[in-house]
Amino acid sequence: MGETETITVADTSAGPGGADEPGQSVDIPVVELLTGRGFITGKSGSGKSNTASVVAEKLLDSGFGLLIVDIDGEYYGLKEEYEILHVGGDEECDIQVTEEHAGKIATLALEQNVPIILDVSSYLDEEEAENLLTEVSKQLFAKAKKQKQPFLMLVEECHEWIPEKGGMGEVGKMLIKIGKRGRKHGLGIVGISQRPADVKKDYITQCDWLVWHRLTWNNDTKVVGRILDSKYENAVEDLNDGEAFMMSDWSERVRRVQFHRKQTFDAGATPGLDDFERPELKSVSEDLVSELETISEEKQATESRIKELREELDKKNSRIAELETELQDARDLSRMAEQFTSALMDHVDGYNPGKTEQERLQERRGRFEDPDQGSETESAAAEPESGSADKTSGGGFGDAFSAFEDAGPAMNGGADDSVSANGEAAVANGSGGGATADDGEVEEAFAAAMAAAPDEQDVSTNGHADSDDGDIIDAGEEATVESRPRKDEPAVVSAITADIAEMEEKTRRMLSYYKDQGPGTPLNAHFSSGGSGDRTAAYARNRTLRLRGLIEHVGRGSYDYRLRELVAEESERDLDDMRIEDYVSQIEAEVIDDT
């Protein structure tokens, strides 16, 4: 390419600001065009897009490369005559691309001299279009520094990317960078806009050549007056279609010119009533498309793999949550079994009221932690001669122990390694090897065990359950057994009232629940009374009510209110129904109804 090579794009025309001799050819030096900075403006329908297309056709005729940023999808008409790669976001393009294709697009344009239409009109997500254009601009600038080959970017509606007012995004910053520094690398740019007043003036004032088609808006014509001269401010309003004032660094003055009509299909023309006939468009080499398709396939494969990994991660997280729930359930069951067995062992060994609670807890821990001591069941079985509570003797705690032992399969779910003696759940190979028991089965088993314990006895405690949710009443607090003397009738109300009043508020609420709701499970009663529903705490509080005779086990893990029966039982003589109801009402009004 010679330094003096030019392309002819227009002829001079007569009129205000025109040449003395109309009809003379207007040429643009190719090097200045490819590596410089240009600006083409004019209102809609004035011919600015036609001018840009004429420049593109002349460059394509001479075999020069260019990239057109098409914001309205109107440049595909060039494919009627030229083998130009049309890339964008819909099926009308030769291939659909994303920002992952930017590097390959720049390589095809600069290294293989492939003309490209980058159609951003079909991207529904504006951010996706901006990201694509930003990345393509960066890649072109970076490769141009190494390639040093003249190349032109034509950017439609540039006021959207490099606005005069408001913030400028990454696209605008990159285009301004090309305008300022691209020339030394051989990368030129031409901005096209119908609103010059909205284009950043830093860009316009740095342009080597400018084309002003017809403008009528006052703000736009003022820009013409400031850049050209005040005499052109009014004259620009009277230009014909395709006419323009052209100013360039290689011309001595402003010329009024009439641009040639483009030769290819005018895809940007306003539709009329005639039938629309789309011309046959030239296809591009399959090799070019295949290179971009490879990137698309790799991207799709990557996205599919990412989707699979996310789904797999979601499944694993879900499974981890399930295992954590199972583990906690297993620990709760193990703790219940340990506390219940420990209470039985205290009874078997003989409760020593002189020992402190701390000493008793230390003894209990020693039994579970000393491997020579054996399991809880073995300790109980080792002293059959004590006579106090042989678990096989029948009745009392022996029946309770047997009932709890019978519940073992339900609580352990049939898995030997699901719950260990120290309350930890074994999860085999991370796959949930621990088994959990059904809540109904556990409640049934525990209720049966509690019901089998001696009703005529009471267990006094050295402490009480804390009122906070989830606190657990220590089984060691339930070991002192004493008989309650029968009372005469006046003392019945005061004695029962005093006993209920001494109970924890949450325990009294559970009693109120049974009174109001009828038969229910300890878990439901505990939860309704303000507790967390912790199984061990619920049954511990429930046992206090049961041992006092205020509730009774009615089957299937449920308990029912029995204050009326208790009043009748603790009276020294028979009472008529009216007197019993009177006593019951007094007790309820005093310590139950207001709970």
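The model shown in the following views is predicted.

View 1. Y76 is found in the loop between β4 and β5. With a relative accessibility of 13%, Y76 counts as buried because the cut-off for that class is under 20%. A search of the whole structure finds five aromatic pairs. One of them joins Y76 to F265 in a tilted arrangement, with 6.2 Å from centre to centre and 50° between the planes. Since F265 belongs to the loop between β12 (255-259) and α9 (286-349), the pair ties together parts that are 189 residues apart in sequence. F265 is buried, as is Y76. The C-alpha atoms of Y76 and A267 are separated by 7.0 Å, although these residues are 191 residues apart along the chain.

**View 2. The aromatic pair of Y232 and F245.** The ring centres of Y232 and F245 lie 4.9 Å apart and their planes meet at 70°, so the pair is edge-to-face. Y232 belongs to helix α8 (residues 231-235) and F245 to strand β11 (residues 243-248), and the two are 13 residues apart. Both Y232 and F245 are buried.

View 3. All five residues of strand β3 (residues 37-41) are buried, so the strand is largely enclosed by the rest of the structure. In a regular strand, side chains alternate between the two faces of the sheet. In β3, R37, F39 and T41 point one way, while G38 and I40 point the other way. Strand β9 (residues 187-193) pairs with β3 in the parallel sense over five bridges, and R37 stands opposite I189 in β9. Strand β10 (residues 209-212) also pairs with β3 in the parallel sense, over four bridges; here F39 stands opposite L210. F39 forms one aromatic cluster with Y203 and W212. R37 is linked with E32, R183 and D208 in a network of salt bridges.

**View 4. The salt bridge of R214 and D241.** A search of the whole structure finds 23 salt bridges. One is formed by the side chains of R214 and D241, at 2.9 Å from N to O. R214 lies in the loop between β10 and α7 (218-227), and D241 in the loop between α8 and β11, so the pair ties together parts that are 27 residues apart in sequence. R214 is buried, with a relative accessible area of 16%, whereas D241 is partly exposed at 49% relative accessibility.

**View 5. The salt bridge of E570 and R548.** The side chains of E570 and R548 meet at 2.8 Å, N to O. E570 lies in the loop between α19 (563-569) and α20 (577-592), and R548 in the loop between α18 (535-547) and β15 (551-555); the pair therefore ties together parts that are 22 residues apart in sequence. Both residues, E570 and R548, are buried.

**View 6. Helix α16 and the residue that follows.** Helix α16 (residues 505-517) has 13 residues and should span 18 Å at 1.5 Å a residue, which agrees with the 18 Å between its end C-alpha atoms. Buried residues in α16 include K506, R508, M510, L511 and Y514. G518 follows α16 and has a positive phi, near 85°.

**View 7. R195 over W217.** R195 lies over the face of W217, at 3.9 Å from the ring centre.

Definitions and conventions:
Residues are numbered from 1 along each chain as its sequence is written. This is a predicted model: local features need pLDDT of at least 70, side-chain atom pairs count only at pLDDT 80 or more; totals for chains, interfaces and linings use all residues. Side-chain values use heavy atoms; hydrogens and water are left out. Rings of Phe, Tyr and Trp (its six-membered ring) pair if their centres lie within 6.5 Å; planes under 30 degrees apart count as stacked, over 60 as edge-to-face and the rest as tilted. Buried means under 20% relative accessible area, exposed over 50%, partly exposed in between (1.4 Å probe, protein chains only). A charge sits over a ring if NZ of Lys or CZ of Arg is within 6 Å of the ring centre and within 35 degrees of the ring normal. The expected span of a helix is 1.5 Å times one less than its number of residues. Two strands pair if DSSP finds at least two bridges between them. A salt bridge is a side-chain nitrogen of Lys or Arg within 4 Å of a carboxyl oxygen of Asp or Glu.
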